[in-house]
Amino acid sequence: MLIRFEVANFRSVLDPVELSMVAVDRDRVEARPVPNLGESLLPVAAVFGPNASGKSNIIAALTWLRNAVQTSLRFWDDEIPVEPFAFADGGDRPSEFTVESVVSGVRFEYIVELDRQAVRYEALFHYPEKKRRRIFEREGDDLKLQRGLGSLSGTRELLTARTLALSIARRFDQPLVSDFAHDLLAAQTLGLRSWDRRFPYRGSVRSTLLWFGEDSGNDPLPLPEFEEMDRASQVDRDQALALLRMADLGIDDVMVDEHEVPYPEGMRTQRRVRLVHRTAREKAPLDFAAESEGTRTWFHLIGPVLTALRSGSLLLFDELDASLHPTLSAQLIRLFHDPATNPRGAQLVFTSHDTSLLNHLNRDEVWLTEKTEDGVTRLGALAEFAGERVRRSQNLEKAYLHGRFGALPDVDRTEILRALGLIG
């Protein structure tokens, strides 16, 4: 489970900001005790704030780090594709990322400092018996390993200025490294349109189809998190159908079949996805492309959500409320809150504008963003913005909309009224 994530000098984030999953109210059933940590961790965290305040960049930063660990060895030959803060001295400072998590009861801490030319510092620590011990640590090209981890010595031979040591070390199957890396790489991201506008739910249709025992056959995108997944059992399919029907969309089943498609050079056979709708008299399949945006969004969610709940992994979702009814958003939060549906401690971190969701969140699950006059994103816990400890009984939605916590759009109509000639 994720303990905390910290980032500095990435996109609109300049100074370090931290998102913590440590529970304040530990007596709630939703808070998961972690004995070796001495704390309880939350299964849900939500980030609210005005448009362009940097909410998405918190999700993007953790997604970037995950992708960096997965791809730096293969693709970072000429330059590190990091995006530092565009103003002030952002271009002269390294970008910094820190992830702390609990894997199989052991606390890990991973730190990276880099710019576009090189990895300046990188380290992975663990805390056996609550004492910090180094697994590996590098400054530039100088790599130090914990004693007894000779199996990782080959990391030095492949290490370059623009390659993460973790990208290399995870391939040597040393449990301390591979367990942490696998946990980080298991994180999934949905809805991050700014990351890739063509595929805002990149790969999620196929991942959902796998739960139904189907494969679209048309998706060329690699899905490493599903490579080891066996063909879906009837239990898998039943769970996927239950989640699909929970949305009360009038859909009973999923079909994947073949049909002929005309091309200039002639007809081609392609596979298609259709959702089977029920009416009072019959059932009829409808092409997936003809479904509403809300239906497609919910369908995209099924595979990633079930995968996270089964494996106890992290699901990042930018703009949870986009094209999704508030009732469904609330149901999704409930799936992660409830130990019965989330026995392995999966976590959901999402951004949203939908203030009605505040009624389904505890005070320690809410984070707020705002942007300073210098264009810098500030992220803080709800209590930090309130200026005092928020009562557990506080109506969070009402207080937020009344500006109690700040982080609201500053709407000034003067300029538009003047431009329309309505005022002098």
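Modeller: The element that gives the most to the lining of the largest cavity is α4, with three residues; helices (H or I, at least four residues) and strands (E, at least two) are DSSP runs, numbered from the N terminus. This is a predicted model, in which local features need pLDDT of at least 70 and side-chain atom pairs count only at pLDDT 80 or more, while totals for chains, interfaces and linings use all residues. Residues are numbered from 1 along each chain as its sequence is written, and side-chain values use heavy atoms, with hydrogens and water left out.

A cavity is a set of points, on a 1 Å grid over the protein atoms alone, where a 1.4 Å probe fits but cannot get out, and lining residues have an atom within 4 Å of a point. The lining of the largest cavity consists of 13 residues, and those nearest its centre are M1, L2, S101, D183 and L314. Two elements, β6 (95-103) and α4 (175-185), each give two or more residues to this lining. By kind, the lining residues comprise eight nonpolar, four polar and one charged, where Ala, Val, Leu, Ile, Met, Phe, Trp, Tyr, Cys and Pro count as nonpolar, Asp, Glu, Lys and Arg as charged, and the others, Gly among them, as polar.

The space in the largest cavity is about 120 Å³, a volume being the space filled by probe spheres set on the points, which are joined across faces, edges and corners. Searching the whole structure gives three cavities of 30 Å³ or more.

Key:
On a 1 Å grid over the protein atoms alone, a cavity is a set of points where a 1.4 Å probe fits but cannot get out, and a pocket is an open set with protein on both sides within 12 Å along at least five of seven lines; lining residues have an atom within 4 Å of a point.
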